[in-house]
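Please walk through this structure with the text below.

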Amino acid sequence: MPRPLLDLAPDAIATAARRVMSRCDDLAAISSMDGGIERVYLSPEHARVNRIAADWMREVGLAPRQDAAGNQLGRVDGRDPDAPVLMLGSHLDTVPDAGRYDGIAGVLMAIEVVRLLAREIPSFPFGVEVVAFSDEEGARFGKALLGSSAVAGAWDPAWWELADQDGVTLRQAFLEFGLDPSRIAEAARRPDELAGYLEAHIEQGPRLDRAGESLAVVSSIASARRFQLAVHGEARHAGGTPYDARRDALIGASEAVVAVERICRAQHHVIGTVGQLEAFPGAVNIVPGEARFTLDLRGEFDGTRDAAWTTIAAELDEIAGRRGLRWEARELHTAGAVMCAPTLMDVVRAGIEEGTGQRVAPSLFSPAGHDAMSIGRIADVGMLFLRNRDGISHHPDESVAVEDVARGIRALAEAVAHLADERSR
Ligand code: GLV
Ligand code: MN
Ligand code: MN
């Protein structure tokens with residue numbers, strides 16, 4: 001087996017992994033939800049975790065700054081201050097009632113990698129920038145990857161009018177957070193500023209756990225589309241309205257929910273989820289006149305994802321026609337599948353195999369979305385997955401073993417060193 005490039009003390013790595021775990025606990029306490037974790041974009045909790053992350057960045061020699069989209073960054077130069085930077089990071093926002101590692105572990109591991117490489121980085125052919133993206137989940141405005149889209153220069157001005165559930169628009173939320181919407185373009189990075197982007201993330205699925213492996217190289221990230229759907233019927237008396245006179249929107253929506261599962265299960269690597277469903281006016285004795293639901297659709301390839309949507313839409317037409325209903329859909333989020341760059345897959349593989357002695361690093365496609373999807377528009381991206389127990393994620397029981405975090409830190413540090421070695425030649 002080739003020898004690792006780095007001679008890192010096992011104690012230092014174990015300490016780093018323990019620090020990541022205890023800092024994940026610290027950040028879990030910064031939440032807007034009683035008894036659970038919730039930290040959404042442009043909230044007071046977002047501001048607090050950015051300030052804390054900035055302190056942790058400063059402590060390892062990174063110069064911190066918050067960008068025009070509320071992403072927290074920290075930079076350290078390589079041998080040439082004008083050279084592009086290798087970005088390392090993930091996100092600090094969460095879904096409602098979240099776990100404590102999704103995104104957060106990747107940011108904290110990146111900070112530890114900078115700490116471990118403090119002596120090496122000044123001779124690297126690139127600088128290193130740790131990034132804590134501000135909105136990966138899209139939990140507040142429905143549109144995911146807002147923070148990394150700003151960095152990728154892919155901000156759509158139509159997003160300013162997106163509103164949260166209290167009717168606060170994205171524009172207002174920017175102003176309340178102390179950011180200036182007219183300066184959003186300043187968050188964008190040029191492709192020639194970046195030497196690549198590497199992200200460590202928990203797998204959020206059970207494949208590594210079932211295989212008894214701790215780390216994997218990510219090959220690609222699923223394409224995604226998110227929709228808000230509404231089915232319209234007629235609200236009528238629950239007792240007096242015979243079945244043949246009903247236009248029950250909730251029954252129509254329920255048939256559609258079941259169809260989503262049937263259609264997606266029949267396709268290879270396409271996954272559809274209805275995560276929200278509401279009936280209106282919403283009373284025990286009224287036939288629902290309207291039902292609203294969300295659809296999260298993912299596929300390994302854009303084509304299979306889109307084919308599933310076409311079939312779901314045809315099924316909705318059929319249900320609506322049969323039941324005297326009308327339906328409409330608003331697309332909230334669209335992201336194409338992203339292939340990880342072969343060169344970065346190679347350094348991540350070398351990081352795992354040489355850094356941790358894991359014999360053959362498995363390679364996995366990611367059905368979960370990641371900030372790397374946006375950054376893939378302007379730079380080569382690579383990802384490292386960590387086993388998480390039973391694959392439970394987006395749930396308070398999300399967990400990762402400190403030993404796997406240690407292996408992940410080791411592998412990520414080694415991957416960065418391999419890239420520096422390769423680019424120095
Ligand atoms: C993000 O976690 C997503 O894939 O929804
Ligand atoms: Mn997530
Ligand atoms: Mn995530």
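The axes of helix H7 (residues 249-265) and helix H8 (residues 302-323) come within 10 Å and cross at roughly 150 degrees. Here axes are lines fitted to C-alpha atoms, for helices over the stretch in contact, and angles run from 0 to 180 degrees between N-to-C directions. Helices (H or I, at least four residues) and strands (E, at least two) are DSSP runs, numbered from the N terminus.

This is a predicted model, in which local features need pLDDT of at least 70 and side-chain atom pairs count only at pLDDT 80 or more, while totals for chains, interfaces and linings use all residues. Residues are numbered from 1 along each chain as its sequence is written, chains are lettered from A and ligands numbered from 1 in the order in which they are written, and side-chain values use heavy atoms, with hydrogens and water left out.

H7 and H8 are therefore roughly antiparallel to each other; angles under 35 degrees count as roughly parallel, over 145 as roughly antiparallel, 65 to 115 as roughly perpendicular and the rest as oblique. On the H7 side, the residues that meet H8 include Ile251, Ala259 and Ile263, and their partners in H8 include Ile312, Leu316 and Ile319. Contact means heavy atoms within 4.5 Å. By class, 10 nonpolar, two polar and five charged residues make up the contact of H7 with H8. Ala, Val, Leu, Ile, Met, Phe, Trp, Tyr, Cys and Pro count as nonpolar, Asp, Glu, Lys and Arg as charged, and the others, Gly among them, as polar.

The metal sites come next. His91 (NE2), Asp102 (OD) and His201 (NE2) coordinate the manganese ion (ligand 3) at 2.1 to 2.3 Å. Donors are N, O and S atoms within 2.8 Å of the metal (3.2 Å for Na, K and Ca); water is not among the atoms, so sites may look incomplete. The donor residues of this ion follow the sequence spacing H-x10-D-x98-H. His91 belongs to strand S3 (residues 85-91), and Asp102 to the loop between S3 and helix H3 (104-116), 11 residues apart.

Which residue bridges the manganese ion (ligand 3) and the manganese ion (ligand 2)? Asp102 does, and the two ions lie 3.5 Å apart. Asp102 counts as buried because its relative accessibility is 6%; buried means under 20% relative accessible area, exposed over 50%, partly exposed in between (1.4 Å probe, protein chains only). Glu137, at 8% relative accessibility, is buried too.
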